[in-house]
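Open the structure in your viewer and keep the selection tool at hand. The stops below say what to select next and what is there.

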Amino acid sequence: IELERKNYEIAEKYFSQALISDQKYSVAYLGHGKSLYQQKKYAEAEEVLNKGISVASKKGDLMPANEMQLLLTKLLLAKD
């Protein structure tokens, strides 16, 4: 909800906590990556997205994996 409300700092904290509880929750990686990206924390977002893509791929969570890959590509273009 906080991500949708554009409260990115609060969303980041919630997603971070979710990942502490469950390191295989691919949708939390996606949300965490989005919240970091929106705050222009590109290095952190890149790290979270890469890990999230790996987790999602191993679990077969194709939709989050694809969305994270798109966001990662967008992030890499924004960094240049």
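Select helix α2, residues 26–38. In this predicted model, α2 is mostly covered, with ten of its 13 residues buried. Colour the buried ones: Ser26, Ala28, Tyr29, Leu30, Gly31, His32, Gly33, Ser35, Leu36 and Tyr37.

What covers the buried residues of α2? Show α1, α3 (42–59) and α4, which are included in that cover.

Stay on α2 and check its length. At 1.5 Å a residue, 13 residues should span 18 Å, and the end C-alpha atoms are 19 Å apart, so the two values agree. After α2 comes lysine 40, which has a positive phi, near 60°.

Next, select glutamate 12, which sits in helix α1, residues 8–21. Is glutamate 12 buried or exposed? Its relative accessibility is 14%, and a residue under 20% is called buried, so glutamate 12 counts as buried. Now show its contacts beyond four places in sequence: His32, Ser35, Leu36, Gln39, Lys41 and Glu44. Among them, His32, Ser35 and Leu36 are buried residues of α2.

The last stop is leucine 72, in helix α4, residues 62–79. Leucine 72 has a relative accessibility of 6% and therefore counts as buried. Which residues does leucine 72 touch, leaving out those up to four places away in sequence? They are Glu46, Leu49, Asn50 and Ile53.

Finally, draw a distance from the C-alpha atom of leucine 72 to that of glutamate 9. These two residues are 63 residues apart along the chain, and their C-alpha atoms are separated by 19 Å.

Conventions. Residues numbered from 1 in each chain as written. Predicted model: local features only at pLDDT ≥ 70, side-chain atom pairs only at ≥ 80, totals over all residues. Heavy atoms only, no water. Helix = DSSP H or I, 4+ residues; strand = E, 2+ residues; numbered from the N terminus. Buried < 20%, exposed > 50% of the residue type's maximum accessible area, 1.4 Å probe, protein only. Contact = heavy atoms within 4.5 Å. Expected span 1.5 Å × (residues − 1).
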